[in-house]
Amino acid sequence: MIGASARAQGASGYGLGVLAALLLMSLAACDASQGGDAQAAAPPAPGPTPQLWQVDVLGPSGAPQATVLACADDTLRRHFLLIRAQVDGRRCVDITPPVPSERGWVLRCQSHGRWFTMSSATKGDDTDDFRAEFAMTPLYPEIDGLREVRRFRRIGPCPAGWRVGDQARPGQRPLRRKG
């Protein structure tokens, strides 16, 4: 499985890395276009057939900075929004349970003796096309926080030969999930 990471560097020298269980965010920017007819019908609703999702990491202007395609069933799709963090290579351990909101959650975690607030919020239709905003905010002003926005768009059924958990950059062969 590919981990995703983004880094923020604070004055104290601590780097903040956010690891997602699924998506590679440190990709070089690439062409996310899939071609095809713009008038094509919407893909079938998610269900028992694994679906191909395009995930774009959006920059400050809202333009995609990185793109990955992922084959996901409903169970894996629900994990798109579950992020756990690492700070300088050590897991940020939850010190509170996630507090759900209507379209997200918030929790506190601790790493290297420091506390952080992690949060996630979504907008859009989480069965077809939605945006997720993740934030990791240190409770210490000398460390910078991290904010990231991802757009998840369902393309349709996974291509032949793809298995749930497979991922690829557009135009490349999928990387196999272990297991």
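The model is predicted, so local features need pLDDT of at least 70, side-chain atom pairs count only at pLDDT 80 or more, and totals for chains, interfaces and linings use all residues. Residues are numbered from 1 along each chain as its sequence is written, and side-chain values use heavy atoms, with hydrogens and water left out.

Reader: In what order do the elements of the protein chain run from the N terminus on?
Author: Helices (H or I, at least four residues) and strands (E, at least two) are DSSP runs, numbered from the N terminus. The protein chain has one helix and 13 strands. The order is β-β-β-β-α-β-β-β-β-β-β-β-β-β.

Reader: What percentage of the 179 residues in the protein chain is buried?
Author: Buried means under 20% relative accessible area, exposed means over 50%, and partly exposed lies in between (1.4 Å probe, protein chains only). Among the 179 residues, the buried share is 41%.

Reader: How many disulfides does a search of the whole structure find?
Author: A disulfide is a covalent bond between the sulfur atoms of two cysteines. Here it is called when two cysteine sulfur atoms lie within 2.5 Å. Cys 71 is joined to Cys 158, S to S 2.1 Å. Cys 92 is joined to Cys 109, also at S to S 2.1 Å, and the search total is two.

Reader: How many residues apart are Cys 71 and Cys 158?
Author: A disulfide joins Cys 71 to Cys 158. Cys 71 is in strand S4 (residues 64–72), while Cys 158 is in the loop between S12 and strand S13 (167–168). This pair links distant parts of the chain, and the separation is 87 residues.

Reader: Is the disulfide of Cys 92 and Cys 109 right-handed or left-handed?
Author: Both Cys 92 and Cys 109 are buried. The torsion about their S-S bond is about 90°, so the disulfide of Cys 92 and Cys 109 is right-handed.

Reader: What is the pairing of the bonded cysteines, numbered in sequence order?
Author: Cys 71 bonds with Cys 158. Cys 92 bonds with Cys 109. In sequence order, the pairing is 1-4, 2-3.

Reader: Why are Arg 77 and Asp 74 separated by about one helical turn?
Author: Their side chains meet in a salt bridge (a side-chain nitrogen of Lys or Arg within 4 Å of a carboxyl oxygen of Asp or Glu). The N to O distance is 3.7 Å. Arg 77 is buried at 15% relative accessibility, and Asp 74 is partly exposed at 24%. They are about one turn apart because they sit three residues apart in helix H1.

Reader: Which residue forms a salt bridge with Arg 147?
Author: Side chains of opposite charge can pair when their charged atoms come close. The closest N and O atoms of this pair are 3.0 Å apart. Arg 147 lies in strand S12 and its partner in strand S11, so parts 14 residues apart in sequence are tied together. Arg 147 is exposed at 54%, and the partner is Glu 133.

Reader: Which side chain joins Arg 150 in a polar contact of 3.0 Å?
Author: A polar contact is a pair of N or O atoms within 3.5 Å; within protein, one must be able to donate a hydrogen and the other to accept it, and residues adjacent in sequence count only if both atoms are side-chain atoms. Arg 150 is found in strand S12. Arg 150 is buried, at 1% relative accessibility. Its contact partner is Glu 148.
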